[in-house]
Amino acid sequence: MKWYFTFTSFFAAVGVILSIILIAIGNQGGWGLLAITVIAWGGMFLFLRNTRKSQP
C-alpha cells in the first residue's frame, strides 16, 4: 500500500508544479489541472486510509 501512496504523491507533486507554472503564465487550464490533481490525490489518500483501517 505504501508504494501506491508514493506513486500517486509523485505524480500529484508534478501536477501541482505544472499547475503553478500554467497559472503563473496566465493559462486558465492551470486551475482545472490543479483541481483534478488535488481531488485525485485526496481520493487515493482516503481510499488507502480506509483500506488500512479495515484490515486486521
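Predicted model: local features only at pLDDT ≥ 70, side-chain atom pairs only at ≥ 80, totals over all residues.
1. Start with helix α1, which covers residues 2-24 and has 23 residues. From its first C-alpha to its last it reaches 33 Å, close to the 33 Å expected at 1.5 Å a residue. Just after α1, look for G26, which takes a positive phi of about 95°.

2. Which residues of α1 are buried? They are T8, A12, G15, S19 and L22. These buried residues pack against α2, residues 29-54.

3. Leaving aside neighbours within four places in sequence, T8 is in contact with W41 and M44.

4. Now for the rings: the whole structure holds three aromatic pairs. In one of them, F10 and F11 have ring centres 5.1 Å apart and planes at 75°, so the pair is edge-to-face. F11 is partly exposed, at 46% relative accessibility. Ring pairs also link F7, F10 and F11 into a cluster.

5. Are the rings of W41 and F45 stacked or edge-to-face? Their centres are 5.7 Å apart and their planes lie at 15°, so this pair is stacked. W41 and F45 are four residues apart in helix α2, which means about one helical turn separates them. W41 is partly exposed at 31%, and F45 is partly exposed at 34%.

Note on methods: Residues numbered from 1 in each chain as written. Heavy atoms only, no water. Helix = DSSP H or I, 4+ residues; strand = E, 2+ residues; numbered from the N terminus. Expected span 1.5 Å × (residues − 1). Buried < 20%, exposed > 50% of the residue type's maximum accessible area, 1.4 Å probe, protein only. Contact = heavy atoms within 4.5 Å. Phe/Tyr/Trp six-rings, centres within 6.5 Å; stacked < 30°, edge-to-face > 60°.
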